[in-house]
Amino acid sequence: MAEASLKKIFKINKKDFVHAGAASINAKNLLKSLNADPKLIRRVAICGYEGEMNVVMHGGEGYLELEIYDDRLCLSITDNGPGIENIERAMEKGFSTASEKFRNMGFGAGMGLPNMKKNSDQFYIESEKMKGTNIRMIYYTSGEGG
């Protein structure tokens, strides 16, 4: 596999609602500065924000990584949190393990992972209890798969 022409990593802090969303905004602004397709930027921004908020609410420390290749973008969200106990269940629309506190803040509707899958061309999720979660999404820029 060819190396990425550009790779950026943005840190995500656990329970840091003051700066929540900054990583996905930075990724979005980077794509804008590169004159990426606005529809692609929107899809990446949606997935970045959903993933970032999952890390802030549920994960430990984490990061958002954006890799740009000639024919695609790869967005990864990784954390060292408690992991997802049942990925199949977590992928169901409306399923949420968000606390009452986070629900009262307007989060935890159970649409994050389904939205991320819907807005990417390829979606992969790996999680291990007490080790963390990695979500990798691919967006084709050359018309393949998207």
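## Pairing of β3 and β5

Strands β3 and β5 pair in the antiparallel sense over eight bridges; two strands count as paired if DSSP finds at least two bridges between them. Helices (H or I, at least four residues) and strands (E, at least two) are DSSP runs, numbered from the N terminus. Within this pairing, serine 76 stands opposite arginine 136 in β5.

The model is predicted: local features need pLDDT of at least 70 and side-chain atom pairs count only at pLDDT 80 or more, whereas totals for chains, interfaces and linings use all residues. Residues are numbered from 1 along each chain as its sequence is written, and side-chain values use heavy atoms, with hydrogens and water left out.

Strand β4 is joined to β5 (residues 132-140) by seven bridges, and the two run antiparallel. Glutamine 122 stands opposite isoleucine 138 in β5, while the bridge partner of glutamate 128 is glycine 132 in β5. The hairpin has three residues between the strands, and methionine 130 takes a positive phi near 65° there. Lysine 129, in the loop between β4 and β5, is exposed, with a relative accessible area of 61%. Buried means under 20% relative accessible area, exposed over 50%, and partly exposed in between (1.4 Å probe, protein chains only). Although lysine 129 and glycine 83 are 46 residues apart in sequence, their C-alpha atoms are 4.5 Å apart in space.

Strand β5 itself is mostly covered, with seven of its nine residues buried. Threonine 133 lies in this strand and is buried at a relative accessible area of 7%. A polar contact of 2.8 Å joins the side chains of threonine 133 and serine 127. Such a contact is a pair of N or O atoms within 3.5 Å; within protein, one must be able to donate a hydrogen and the other to accept it, and residues adjacent in sequence count only if both atoms are side-chain atoms. Not counting residues up to four places away in sequence, threonine 133 touches Ile77, Thr78, Asp79, Gly83, Ile84, Ile125, Glu126 and Ser127.

## Two asparagines in loops

Asparagine 80 lies in the loop between β3 and α3 (87-90) and is partly exposed, with a relative accessible area of 48%. Its side chain reaches the backbone nitrogen of glutamate 61 at 2.8 Å. Leaving aside neighbours within four places in sequence, asparagine 80 is in contact with Gly60, Glu61, Lys131 and Gly132. The C-alpha atoms of asparagine 80 and glycine 59 are separated by 6.3 Å, with the two residues 21 apart along the chain.

Asparagine 119 occupies the loop between α5 (112-118) and β4 and is buried at a relative accessible area of 12%. The side chain of asparagine 119 reaches the backbone oxygen of asparagine 115 at 3.0 Å. Beyond neighbours within four places in sequence, asparagine 119 is in contact with Arg43, Ile46, Cys47 and Tyr139.

## Cysteines

The structure holds zero disulfides, a disulfide being a pair of cysteine sulfur atoms within 2.5 Å. For cysteine 47, the nearest cysteine sulfur is that of cysteine 74, 13 Å away. Cysteine 47 is buried at 0% relative accessibility, and cysteine 74 is likewise buried, with a relative accessible area of 0%.

## Annotated domain

An unreviewed UniProt entry lists residues 56-137 as "domain: Histidine kinase/HSP90-like ATPase". UniProt positions are given in the numbering used here, feature names are shortened, and annotations may be inferred rather than shown by experiment. In the model, the span of residues 56-137 is 23% helix and 34% strand, and its end C-alpha atoms lie 19 Å apart.

Key: Contact = heavy atoms within 4.5 Å.
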